[in-house]
Amino acid sequence: MPLEPTEALLGEAGVGAECVPVAAGGLFTRADLLLAALRPVFRRDLALGLGAAPLAAAAPVWAVGDARQRRRTAQLLLDGGRLAAVPGELAHANALIRGGPSARRAHGGWILHGRKDLVRDAHRAGAWVVHARTAPGPGRSAFLLEPGLLPADAVRTLPRAPASGLRGAPLSALEFTHCPLPADTLLGRPREGTALALRTFQLDRCLVAGAAVAAAETVLRLAAHTVFAGRDARTARRRHTALAPLFADLLACDSMATVALRALSLPAGRIPLTAAALSQVVLDVLPENLEDLIGVMGTHGRTPGSAHAARDKLVRDLPHASLGHTGTAACHAVIVPQLRALAAHSWFRGATPPPALFRTGQDLPELKHRLPPAADGGDLLSAALLASAEHLSHAPRADGARTVLAALAQAFTGELHELRRRCTALPDVFDPAAVVLSDRFALLQGAAAVLGVWEAQDGTDAFLAEPAWAVLALSRLARRLGLNPPAPPESCATQVLDELARRGRRDRDCALDGGAPAY
(Lines give C-alpha, C1' and ligand atoms only; values in the text may rest on other atoms or scores of the structure.)
Protein backbone atom coordinates (compact mmCIF):
# COMPACT_ATOMS: atom_id res chain seq x y z
CA MET A 1 0.00 0.00 0.00
CA PRO A 2 1.20 3.60 -0.47
CA LEU A 3 3.00 4.38 2.77
CA GLU A 4 2.96 8.18 3.06
CA PRO A 5 -0.79 8.81 2.53
CA THR A 6 -1.64 6.06 5.02
CA GLU A 7 0.82 7.43 7.55
CA ALA A 8 -0.80 10.84 7.13
CA LEU A 9 -4.22 9.33 7.85
CA LEU A 10 -2.90 7.64 10.97
CA GLY A 11 -1.35 10.90 12.09
CA GLU A 12 -4.63 12.74 11.64
CA ALA A 13 -6.32 10.00 13.68
CA GLY A 14 -3.92 10.72 16.55
CA VAL A 15 -2.12 7.38 16.54
CA GLY A 16 0.90 8.93 18.27
CA ALA A 17 -1.14 9.39 21.43
CA GLU A 18 -1.38 5.59 21.75
CA CYS A 19 2.29 5.48 22.82
CA VAL A 20 2.15 8.43 25.23
CA PRO A 21 1.20 7.61 28.85
CA VAL A 22 -2.03 9.06 30.17
CA ALA A 23 -0.04 11.04 32.76
CA ALA A 24 1.78 12.79 29.90
CA GLY A 25 -1.41 13.61 27.99
CA GLY A 26 -1.72 10.48 25.84
CA LEU A 27 -3.79 7.31 25.77
CA PHE A 28 -1.31 4.58 26.70
CA THR A 29 -2.06 2.46 29.77
CA ARG A 30 -1.13 -1.13 28.85
CA ALA A 31 0.77 -2.87 26.07
CA ASP A 32 -2.05 -5.32 25.27
CA LEU A 33 -4.46 -2.42 24.78
CA LEU A 34 -1.97 -0.74 22.45
CA LEU A 35 -1.90 -3.91 20.33
CA ALA A 36 -5.70 -4.01 20.29
CA ALA A 37 -5.82 -0.41 19.08
CA LEU A 38 -3.31 -1.07 16.31
CA ARG A 39 -4.50 -4.51 15.19
CA PRO A 40 -6.32 -3.07 12.13
CA VAL A 41 -3.02 -1.52 11.02
CA PHE A 42 -0.95 -4.65 11.64
CA ARG A 43 -3.50 -6.71 9.70
CA ARG A 44 -2.82 -4.61 6.64
CA ASP A 45 0.90 -3.94 6.83
CA LEU A 46 3.41 -5.05 9.47
CA ALA A 47 5.89 -2.28 8.62
CA LEU A 48 3.24 0.42 8.78
CA GLY A 49 2.01 -0.72 12.18
CA LEU A 50 5.47 -1.03 13.72
CA GLY A 51 6.31 2.47 12.48
CA ALA A 52 3.09 3.87 13.93
CA ALA A 53 3.85 2.46 17.40
CA PRO A 54 7.26 3.74 18.62
CA LEU A 55 6.59 2.42 22.12
CA ALA A 56 9.99 0.79 22.42
CA ALA A 57 11.76 3.95 21.24
CA ALA A 58 9.91 6.08 23.77
CA ALA A 59 10.19 3.64 26.69
CA PRO A 60 13.57 4.99 27.97
CA VAL A 61 12.11 8.50 28.08
CA TRP A 62 9.08 7.41 30.10
CA ALA A 63 11.30 5.25 32.34
CA VAL A 64 14.04 7.70 33.39
CA GLY A 65 13.58 10.95 31.44
CA ASP A 66 13.29 14.20 33.36
CA ALA A 67 10.21 16.42 33.18
CA ARG A 68 11.53 18.39 30.19
CA GLN A 69 12.47 15.29 28.20
CA ARG A 70 9.12 13.65 28.88
CA ARG A 71 7.23 16.82 27.96
CA ARG A 72 9.07 17.33 24.67
CA THR A 73 8.73 13.67 23.67
CA ALA A 74 5.02 13.64 24.50
CA GLN A 75 4.44 16.80 22.47
CA LEU A 76 6.35 15.39 19.50
CA LEU A 77 4.23 12.22 19.39
CA LEU A 78 0.94 13.99 20.12
CA ASP A 79 1.63 16.37 17.23
CA GLY A 80 2.16 13.44 14.84
CA GLY A 81 5.96 13.56 14.87
CA ARG A 82 8.27 10.56 14.80
CA LEU A 83 10.69 9.19 17.34
CA ALA A 84 13.53 6.93 16.17
CA ALA A 85 15.39 4.36 18.26
CA VAL A 86 19.15 4.01 17.68
CA PRO A 87 19.95 0.83 19.65
CA GLY A 88 23.42 -0.06 20.80
CA GLU A 89 25.40 -3.19 20.03
CA LEU A 90 24.80 -6.26 22.17
CA ALA A 91 26.57 -9.60 22.32
CA HIS A 92 24.09 -11.22 19.90
CA ALA A 93 24.47 -8.46 17.33
CA ASN A 94 23.28 -8.75 13.74
CA ALA A 95 22.52 -6.26 10.98
CA LEU A 96 19.89 -4.43 13.01
CA ILE A 97 21.91 -3.91 16.17
CA ARG A 98 25.54 -4.34 15.10
CA GLY A 99 27.81 -1.41 15.73
CA GLY A 100 26.71 1.94 17.00
CA PRO A 101 28.19 5.19 18.26
CA SER A 102 30.21 5.82 21.39
CA ALA A 103 30.25 8.91 23.62
CA ARG A 104 32.89 10.44 25.89
CA ARG A 105 32.67 13.26 28.40
CA ALA A 106 33.87 16.67 27.24
CA HIS A 107 33.27 20.31 28.23
CA GLY A 108 30.55 19.50 30.72
CA GLY A 109 28.66 17.40 28.16
CA TRP A 110 29.47 14.60 25.74
CA ILE A 111 31.05 14.01 22.34
CA LEU A 112 29.23 11.43 20.21
CA HIS A 113 31.03 9.64 17.40
CA GLY A 114 30.26 6.62 15.25
CA ARG A 115 27.73 5.14 12.90
CA LYS A 116 24.60 3.05 13.19
CA ASP A 117 23.17 1.20 10.20
CA LEU A 118 19.50 0.37 9.65
CA VAL A 119 17.78 3.01 11.77
CA ARG A 120 14.08 3.34 11.11
CA ASP A 121 12.82 6.88 10.37
CA ALA A 122 16.25 8.39 11.01
CA HIS A 123 15.86 10.93 8.21
CA ARG A 124 12.46 12.28 9.30
CA ALA A 125 12.31 11.77 13.05
CA GLY A 126 11.88 14.80 15.28
CA ALA A 127 13.99 13.11 17.96
CA TRP A 128 16.34 10.15 18.34
CA VAL A 129 16.87 7.96 21.39
CA VAL A 130 20.51 6.95 20.95
CA HIS A 131 22.16 4.16 22.95
CA ALA A 132 25.92 4.74 22.94
CA ARG A 133 28.91 3.09 24.58
CA THR A 134 30.23 5.40 27.30
CA ALA A 135 32.62 3.04 29.12
CA PRO A 136 34.48 -0.20 28.45
CA GLY A 137 32.55 -3.44 28.73
CA PRO A 138 28.82 -3.11 29.33
CA GLY A 139 28.96 0.63 29.99
CA ARG A 140 26.27 2.24 27.82
CA SER A 141 24.16 5.34 28.20
CA ALA A 142 21.06 6.63 26.46
CA PHE A 143 20.58 10.11 25.02
CA LEU A 144 17.53 11.99 23.75
CA LEU A 145 18.62 14.07 20.76
CA GLU A 146 16.72 16.54 18.59
CA PRO A 147 18.31 16.72 15.11
CA GLY A 148 17.49 20.40 14.68
CA LEU A 149 19.54 21.31 17.76
CA LEU A 150 22.69 19.46 16.68
CA PRO A 151 25.48 20.92 14.50
CA ALA A 152 24.62 20.17 10.87
CA ASP A 153 28.20 19.18 10.01
CA ALA A 154 28.35 16.66 12.87
CA VAL A 155 25.40 14.50 11.84
CA ARG A 156 24.74 12.76 8.55
CA THR A 157 21.78 10.63 7.48
CA LEU A 158 22.72 8.25 4.68
CA PRO A 159 20.36 6.97 1.95
CA ARG A 160 17.82 4.27 2.65
CA ALA A 161 19.24 0.77 2.79
CA PRO A 162 17.58 -1.80 0.49
CA ALA A 163 15.77 -4.67 2.18
CA SER A 164 13.85 -7.68 0.91
CA GLY A 165 11.21 -7.35 3.63
CA LEU A 166 9.46 -4.50 5.44
CA ARG A 167 9.80 -2.50 2.25
CA GLY A 168 7.55 0.18 3.67
CA ALA A 169 9.95 0.76 6.56
CA PRO A 170 12.32 3.66 5.78
CA LEU A 171 15.65 2.30 7.02
CA SER A 172 18.84 4.33 6.72
CA ALA A 173 22.20 4.81 8.38
CA LEU A 174 22.94 7.53 10.91
CA GLU A 175 26.50 8.84 11.31
CA PHE A 176 27.85 11.12 14.05
CA THR A 177 31.21 12.86 13.64
CA HIS A 178 32.52 14.21 16.96
CA CYS A 179 29.06 15.60 17.66
CA PRO A 180 28.85 17.73 20.83
CA LEU A 181 25.93 16.95 23.14
CA PRO A 182 24.72 19.10 26.04
CA ALA A 183 24.65 17.39 29.44
CA ASP A 184 20.86 17.55 29.54
CA THR A 185 20.53 15.16 26.59
CA LEU A 186 21.48 12.23 28.85
CA LEU A 187 18.54 10.00 29.79
CA GLY A 188 18.79 8.95 33.41
CA ARG A 189 22.24 8.26 34.79
CA PRO A 190 25.45 7.37 32.93
CA ARG A 191 25.84 3.65 32.19
CA GLU A 192 22.12 3.07 32.78
CA GLY A 193 21.65 2.45 29.08
CA THR A 194 22.02 -1.33 29.22
CA ALA A 195 19.17 -1.69 31.73
CA LEU A 196 17.10 0.70 29.62
CA ALA A 197 17.84 -1.31 26.48
CA LEU A 198 16.72 -4.56 28.12
CA ARG A 199 13.47 -2.91 29.21
CA THR A 200 13.02 -1.56 25.69
CA PHE A 201 13.70 -4.93 24.12
CA GLN A 202 11.12 -6.80 26.19
CA LEU A 203 8.47 -4.27 25.15
CA ASP A 204 9.53 -4.50 21.53
CA ARG A 205 9.68 -8.30 21.31
CA CYS A 206 6.18 -8.65 22.80
CA LEU A 207 4.73 -6.04 20.46
CA VAL A 208 6.40 -7.61 17.40
CA ALA A 209 4.98 -11.02 18.36
CA GLY A 210 1.47 -9.56 18.70
CA ALA A 211 1.82 -7.67 15.44
CA ALA A 212 2.96 -10.83 13.64
CA VAL A 213 -0.10 -12.72 14.91
CA ALA A 214 -2.38 -9.95 13.63
CA ALA A 215 -0.73 -10.05 10.20
CA ALA A 216 -0.88 -13.86 10.08
CA GLU A 217 -4.59 -13.69 10.97
CA THR A 218 -5.21 -11.84 7.71
CA VAL A 219 -3.38 -14.53 5.74
CA LEU A 220 -5.31 -17.37 7.39
CA ARG A 221 -8.66 -15.62 6.93
CA LEU A 222 -8.01 -15.01 3.23
CA ALA A 223 -6.79 -18.59 2.82
CA ALA A 224 -9.95 -19.93 4.47
CA HIS A 225 -12.07 -17.81 2.17
CA THR A 226 -10.17 -19.24 -0.82
CA VAL A 227 -10.64 -22.79 0.43
CA PHE A 228 -14.31 -22.58 1.40
CA ALA A 229 -15.55 -20.43 -1.49
CA GLY A 230 -17.95 -22.39 -3.69
CA ARG A 231 -17.71 -25.59 -1.64
CA ASP A 232 -20.12 -27.05 0.85
CA ALA A 233 -18.80 -27.49 4.39
CA ARG A 234 -18.59 -31.27 4.13
CA THR A 235 -16.41 -31.16 1.00
CA ALA A 236 -14.20 -28.43 2.42
CA ARG A 237 -13.82 -30.35 5.67
CA ARG A 238 -12.74 -33.51 3.85
CA ARG A 239 -10.28 -31.82 1.51
CA HIS A 240 -8.80 -29.18 3.76
CA THR A 241 -8.47 -30.59 7.28
CA ALA A 242 -4.95 -29.10 7.36
CA LEU A 243 -6.54 -25.72 8.07
CA ALA A 244 -7.75 -26.87 11.51
CA PRO A 245 -4.31 -27.22 13.17
CA LEU A 246 -3.16 -23.96 11.54
CA PHE A 247 -6.17 -22.16 13.03
CA ALA A 248 -5.46 -23.77 16.42
CA ASP A 249 -1.82 -22.65 16.14
CA LEU A 250 -2.90 -19.09 15.44
CA LEU A 251 -5.15 -19.09 18.50
CA ALA A 252 -2.26 -20.47 20.53
CA CYS A 253 0.12 -17.79 19.22
CA ASP A 254 -2.46 -15.11 19.99
CA SER A 255 -2.75 -16.53 23.52
CA MET A 256 1.03 -16.39 23.96
CA ALA A 257 1.42 -12.87 22.57
CA THR A 258 -1.49 -11.59 24.63
CA VAL A 259 -0.19 -13.15 27.85
CA ALA A 260 3.30 -11.72 27.19
CA LEU A 261 1.89 -8.24 26.64
CA ARG A 262 -0.37 -8.44 29.69
CA ALA A 263 2.50 -9.75 31.82
CA LEU A 264 4.35 -6.47 31.25
CA SER A 265 1.86 -4.82 33.61
CA LEU A 266 2.69 -7.19 36.48
CA PRO A 267 5.24 -6.12 39.12
CA ALA A 268 7.41 -9.21 38.80
CA GLY A 269 11.13 -9.42 38.14
CA ARG A 270 10.91 -12.41 35.80
CA ILE A 271 8.80 -10.65 33.18
CA PRO A 272 11.75 -10.40 30.71
CA LEU A 273 11.99 -14.20 30.87
CA THR A 274 8.28 -14.62 30.08
CA ALA A 275 8.45 -12.06 27.27
CA ALA A 276 11.47 -13.70 25.66
CA ALA A 277 10.10 -17.25 25.87
CA LEU A 278 6.62 -16.55 24.54
CA SER A 279 7.85 -14.26 21.77
CA GLN A 280 10.36 -16.88 20.65
CA VAL A 281 7.68 -19.54 20.27
CA VAL A 282 5.35 -17.21 18.35
CA LEU A 283 8.07 -16.12 15.96
CA ASP A 284 9.15 -19.74 15.39
CA VAL A 285 5.67 -21.19 14.84
CA LEU A 286 4.21 -18.56 12.50
CA PRO A 287 6.79 -18.87 9.67
CA GLU A 288 6.33 -22.65 9.63
CA ASN A 289 2.57 -22.23 9.39
CA LEU A 290 2.96 -19.84 6.49
CA GLU A 291 4.90 -22.54 4.67
CA ASP A 292 2.20 -25.11 5.48
CA LEU A 293 -0.45 -22.84 3.96
CA ILE A 294 1.06 -23.41 0.51
CA GLY A 295 0.05 -27.04 0.78
CA VAL A 296 -3.53 -25.95 1.50
CA MET A 297 -3.89 -23.17 -1.08
CA GLY A 298 -1.72 -24.51 -3.88
CA THR A 299 0.85 -22.46 -5.74
CA HIS A 300 -1.42 -20.57 -8.15
CA GLY A 301 -3.57 -17.49 -7.74
CA ARG A 302 -1.02 -14.84 -6.76
CA THR A 303 -3.07 -11.74 -7.52
CA PRO A 304 -3.03 -8.45 -5.59
CA GLY A 305 -5.09 -8.76 -2.42
CA SER A 306 -5.18 -12.56 -2.57
CA ALA A 307 -4.25 -14.94 0.23
CA HIS A 308 -1.10 -15.85 -1.73
CA ALA A 309 -0.02 -12.22 -2.00
CA ALA A 310 -0.66 -11.57 1.71
CA ARG A 311 1.24 -14.71 2.64
CA ASP A 312 4.21 -13.90 0.39
CA LYS A 313 4.46 -10.41 1.87
CA LEU A 314 4.40 -11.70 5.44
CA VAL A 315 7.03 -14.34 4.60
CA ARG A 316 9.29 -11.47 3.45
CA ASP A 317 8.48 -9.22 6.40
CA LEU A 318 8.67 -11.58 9.38
CA PRO A 319 12.44 -12.27 9.32
CA HIS A 320 13.12 -8.53 9.32
CA ALA A 321 10.56 -7.78 12.03
CA SER A 322 12.01 -10.47 14.31
CA LEU A 323 15.71 -9.75 13.84
CA GLY A 324 17.92 -8.04 16.39
CA HIS A 325 16.66 -7.89 19.94
CA THR A 326 13.42 -9.72 19.09
CA GLY A 327 14.97 -12.71 17.34
CA THR A 328 15.66 -16.22 18.60
CA ALA A 329 19.32 -15.54 19.48
CA ALA A 330 18.28 -12.58 21.61
CA CYS A 331 15.68 -14.67 23.41
CA HIS A 332 18.33 -17.32 24.12
CA ALA A 333 20.53 -14.58 25.56
CA VAL A 334 17.80 -13.77 28.09
CA ILE A 335 16.79 -17.35 28.98
CA VAL A 336 20.02 -19.37 29.00
CA PRO A 337 21.77 -17.54 31.88
CA GLN A 338 18.73 -18.09 34.12
CA LEU A 339 18.10 -21.80 33.58
CA ARG A 340 20.21 -23.14 36.44
CA ALA A 341 18.75 -20.70 38.95
CA LEU A 342 15.22 -21.46 37.79
CA ALA A 343 15.80 -25.20 38.17
CA ALA A 344 17.34 -24.83 41.60
CA HIS A 345 15.07 -22.23 43.18
CA SER A 346 11.87 -21.69 41.20
CA TRP A 347 10.30 -24.65 39.42
CA PHE A 348 7.74 -26.53 41.53
CA ARG A 349 8.03 -23.85 44.22
CA GLY A 350 6.81 -20.57 42.72
CA ALA A 351 3.45 -18.92 43.32
CA THR A 352 0.93 -18.92 40.48
CA PRO A 353 0.26 -15.67 38.63
CA PRO A 354 -2.96 -13.74 39.20
CA PRO A 355 -5.90 -15.12 37.18
CA ALA A 356 -6.28 -11.71 35.48
CA LEU A 357 -3.12 -12.44 33.49
CA PHE A 358 -5.08 -14.88 31.31
CA ARG A 359 -8.49 -13.16 31.31
CA THR A 360 -8.14 -10.86 28.36
CA GLY A 361 -11.20 -8.78 29.20
CA GLN A 362 -10.14 -8.11 32.79
CA ASP A 363 -8.29 -5.01 33.94
CA LEU A 364 -4.65 -5.06 34.99
CA PRO A 365 -2.50 -2.34 36.54
CA GLU A 366 -1.15 0.34 34.22
CA LEU A 367 2.23 -0.58 32.74
CA LYS A 368 5.01 1.17 34.64
CA HIS A 369 7.86 2.16 32.36
CA ARG A 370 10.34 2.57 35.18
CA LEU A 371 13.18 0.06 35.24
CA PRO A 372 12.04 -3.30 36.65
CA PRO A 373 13.58 -4.66 39.86
CA ALA A 374 16.14 -7.40 39.85
CA ALA A 375 14.83 -10.86 39.04
CA ASP A 376 13.05 -12.31 42.06
CA GLY A 377 13.52 -15.97 41.13
CA GLY A 378 9.92 -16.55 40.17
CA ASP A 379 8.67 -18.15 36.97
CA LEU A 380 5.04 -17.18 36.51
CA LEU A 381 4.07 -19.52 33.72
CA SER A 382 5.72 -22.70 34.96
CA ALA A 383 3.75 -22.30 38.16
CA ALA A 384 0.61 -21.73 36.09
CA LEU A 385 1.33 -24.90 34.07
CA LEU A 386 1.50 -26.99 37.24
CA ALA A 387 -1.72 -25.45 38.55
CA SER A 388 -3.54 -26.18 35.27
CA ALA A 389 -2.35 -29.80 35.32
CA GLU A 390 -3.57 -30.16 38.88
CA HIS A 391 -6.99 -28.70 38.05
CA LEU A 392 -7.41 -30.98 35.04
CA SER A 393 -6.39 -34.07 36.98
CA HIS A 394 -9.35 -33.58 39.32
CA ALA A 395 -11.88 -32.16 36.85
CA PRO A 396 -14.65 -34.38 35.47
CA ARG A 397 -13.90 -35.59 31.94
CA ALA A 398 -17.16 -35.58 30.07
CA ASP A 399 -15.57 -36.25 26.70
CA GLY A 400 -12.47 -37.55 25.01
CA ALA A 401 -11.09 -34.07 24.36
CA ARG A 402 -10.90 -33.23 28.06
CA THR A 403 -9.23 -36.56 28.76
CA VAL A 404 -6.55 -35.79 26.15
CA LEU A 405 -6.18 -32.25 27.50
CA ALA A 406 -5.50 -33.62 30.98
CA ALA A 407 -2.96 -36.08 29.53
CA LEU A 408 -1.23 -33.26 27.68
CA ALA A 409 -0.98 -31.17 30.83
CA GLN A 410 0.56 -34.10 32.69
CA ALA A 411 3.01 -34.68 29.82
CA PHE A 412 4.16 -31.07 30.00
CA THR A 413 4.55 -31.38 33.77
CA GLY A 414 6.72 -34.45 33.27
CA GLU A 415 8.81 -32.52 30.77
CA LEU A 416 9.30 -29.73 33.32
CA HIS A 417 10.61 -32.34 35.82
CA GLU A 418 13.06 -33.59 33.20
CA LEU A 419 14.05 -30.04 32.30
CA ARG A 420 14.81 -29.29 35.93
CA ARG A 421 17.04 -32.35 36.15
CA ARG A 422 19.00 -31.40 33.03
CA CYS A 423 19.28 -27.70 33.89
CA THR A 424 20.50 -28.44 37.43
CA ALA A 425 23.37 -30.40 35.87
CA LEU A 426 24.50 -27.52 33.62
CA PRO A 427 28.11 -26.39 34.25
CA ASP A 428 29.03 -22.90 35.42
CA VAL A 429 30.51 -22.09 32.01
CA PHE A 430 28.42 -21.83 28.88
CA ASP A 431 27.29 -25.18 27.51
CA PRO A 432 25.75 -25.37 24.00
CA ALA A 433 23.22 -27.85 25.42
CA ALA A 434 21.70 -24.95 27.32
CA VAL A 435 20.43 -23.48 24.05
CA VAL A 436 18.45 -26.65 23.35
CA LEU A 437 17.09 -26.59 26.91
CA SER A 438 16.15 -22.94 26.41
CA ASP A 439 14.04 -23.91 23.40
CA ARG A 440 12.28 -26.62 25.41
CA PHE A 441 11.65 -24.19 28.24
CA ALA A 442 10.10 -21.70 25.81
CA LEU A 443 7.72 -24.34 24.46
CA LEU A 444 6.61 -25.18 28.01
CA GLN A 445 5.95 -21.51 28.64
CA GLY A 446 3.84 -21.45 25.48
CA ALA A 447 1.86 -24.48 26.66
CA ALA A 448 1.24 -22.78 30.00
CA ALA A 449 -0.10 -19.68 28.25
CA VAL A 450 -2.51 -21.73 26.13
CA LEU A 451 -3.79 -23.69 29.12
CA GLY A 452 -4.16 -20.51 31.14
CA VAL A 453 -6.17 -18.74 28.45
CA TRP A 454 -8.41 -21.79 27.94
CA GLU A 455 -9.05 -22.15 31.68
CA ALA A 456 -9.85 -18.44 31.96
CA GLN A 457 -12.79 -18.64 29.53
CA ASP A 458 -16.07 -17.70 31.19
CA GLY A 459 -18.36 -19.31 28.61
CA THR A 460 -19.11 -16.09 26.73
CA ASP A 461 -17.45 -17.59 23.66
CA ALA A 462 -18.72 -21.17 23.46
CA PHE A 463 -16.02 -22.24 21.01
CA LEU A 464 -13.07 -21.00 23.10
CA ALA A 465 -14.62 -22.50 26.23
CA GLU A 466 -14.57 -25.94 24.61
CA PRO A 467 -11.23 -27.79 24.72
CA ALA A 468 -10.99 -28.62 21.00
CA TRP A 469 -8.73 -25.74 19.94
CA ALA A 470 -6.50 -26.09 23.00
CA VAL A 471 -6.14 -29.84 22.46
CA LEU A 472 -5.03 -29.35 18.84
CA ALA A 473 -2.65 -26.51 19.71
CA LEU A 474 -1.10 -28.29 22.69
CA SER A 475 -0.73 -31.53 20.72
CA ARG A 476 1.38 -29.66 18.19
CA LEU A 477 3.51 -28.10 20.93
CA ALA A 478 3.94 -31.56 22.45
CA ARG A 479 5.19 -32.91 19.12
CA ARG A 480 7.73 -30.10 18.96
CA LEU A 481 9.01 -31.34 22.31
CA GLY A 482 9.11 -34.95 21.11
CA LEU A 483 6.42 -36.04 23.56
CA ASN A 484 3.95 -38.77 22.70
CA PRO A 485 0.57 -37.91 24.23
CA PRO A 486 -2.74 -39.47 23.09
CA ALA A 487 -3.91 -38.37 19.66
CA PRO A 488 -6.66 -35.73 19.66
CA PRO A 489 -10.15 -37.05 18.88
CA GLU A 490 -11.27 -36.40 15.30
CA SER A 491 -14.06 -34.27 16.70
CA CYS A 492 -11.48 -31.64 17.74
CA ALA A 493 -10.37 -30.98 14.15
CA THR A 494 -14.01 -30.95 13.03
CA GLN A 495 -15.02 -28.39 15.66
CA VAL A 496 -12.07 -26.14 14.89
CA LEU A 497 -12.60 -26.29 11.14
CA ASP A 498 -16.33 -25.62 11.51
CA GLU A 499 -15.53 -22.57 13.65
CA LEU A 500 -13.13 -21.28 11.00
CA ALA A 501 -15.83 -21.65 8.34
CA ARG A 502 -18.39 -19.97 10.60
CA ARG A 503 -16.13 -17.00 11.20
CA GLY A 504 -15.49 -16.75 7.48
CA ARG A 505 -19.21 -16.67 6.69
CA ARG A 506 -19.82 -13.99 9.33
CA ASP A 507 -16.73 -11.95 8.37
CA ARG A 508 -15.08 -12.39 11.77
CA ASP A 509 -11.35 -12.55 12.32
CA CYS A 510 -9.40 -15.65 13.31
CA ALA A 511 -7.91 -14.25 16.51
CA LEU A 512 -9.03 -14.97 20.06
CA ASP A 513 -11.62 -12.21 20.22
CA GLY A 514 -13.22 -13.24 16.91
CA GLY A 515 -14.18 -9.64 16.23
CA ALA A 516 -14.85 -7.90 12.96
CA PRO A 517 -11.60 -7.32 11.04
CA ALA A 518 -12.47 -3.63 10.60
CA TYR A 519 -11.71 -3.51 6.90
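Predicted model: local features only at pLDDT ≥ 70, side-chain atom pairs only at ≥ 80, totals over all residues.
Helices here are DSSP runs of type H or I with at least four residues, numbered from the N terminus.

## The overall picture

The protein has 18 helices and eight strands. Of its 519 residues, 56% count as buried. Among the contacts with a separation of 6 or more, 76% are between residues 24 or more positions apart. The structure holds zero disulfides. In general, a disulfide is a covalent bond between the sulfur atoms of two cysteines.

## The pocket and the cavity

Let us return to the second largest pocket, whose volume is about 590 Å³. It is lined by 28 residues, and the closest to its centre are R359, T360, G361, L512 and D513. Two helices, α2 (31–44) and α8, each supply at least two residues of this lining. By class, the lining of the second largest pocket has 11 nonpolar, seven polar and 10 charged residues.

How many cavities of 30 Å³ or more does the structure hold? The count is one. The largest cavity has a volume of about 80 Å³. Its lining is made of A216, L220, L246, L250, L286, N289, L290 and L293. The helices α6 (193–228), α8 (243–263) and α9 (271–297) each supply at least two residues of that lining, and the largest share, four residues, comes from α9. Sorted by class, the lining of the largest cavity has seven nonpolar residues, one polar residue and no charged residues.

Is A211 buried or exposed? Its relative accessibility is 0%, so A211 counts as buried. Beyond its neighbours within four places in sequence, A211 is in contact with L35, F42, L46 and L50. The C-alpha atoms of A211 and D45 are separated by 9.4 Å, although these two residues are 166 residues apart along the chain.

In helix α11 (residues 328–335), the buried residues are A330, C331, H332, V334 and I335. What covers them? The cover of the buried residues of α11 includes α6, α9, α12 (339–345) and α15 (433–455).

## Strand β7 and its partner

Strand β7 (residues 171–181) is mostly covered, with eight of its 11 residues buried. It runs antiparallel to strand β3 (residues 109–120), and eight bridges join the two. One of the bridge pairs links V119 to S172 in β7. As a general point, the side chains of a regular strand alternate between the two faces of the sheet.

## Two residues with a positive phi

Most residues other than glycine have a negative phi. Two residues here have a positive value instead: H178, with phi near 45 degrees, and F348, with phi of about 70 degrees. H178 is found in strand β7, while F348 lies in the loop between α12 and α13 (380–394). H178 has 49% relative accessibility, a value between the 20% and 50% cut-offs, so H178 counts as partly exposed. F348, with a relative accessible area of 27%, is partly exposed because this value also lies between those cut-offs.

## Accessibility side by side

For quick reference, here are the residues whose accessibility was given above.

| Residue | Relative accessible area | Class |
|---|---|---|
| A211 | 0% | buried |
| F348 | 27% | partly exposed |
| H178 | 49% | partly exposed |

Technical notes:
Residues numbered from 1 in each chain as written. Heavy atoms only, no water. Disulfide = S-S within 2.5 Å. Buried < 20%, exposed > 50% of the residue type's maximum accessible area, 1.4 Å probe, protein only. Pairing = 2+ DSSP bridges. 1 Å grid on protein atoms, 1.4 Å probe; cavity = no way out; pocket = protein on both sides within 12 Å on 5 of 7 lines; lining within 4 Å. Points joined across faces, edges and corners; volume = space filled by probe spheres on them. Nonpolar A, V, L, I, M, F, W, Y, C, P; charged D, E, K, R; others polar. Contact = heavy atoms within 4.5 Å.
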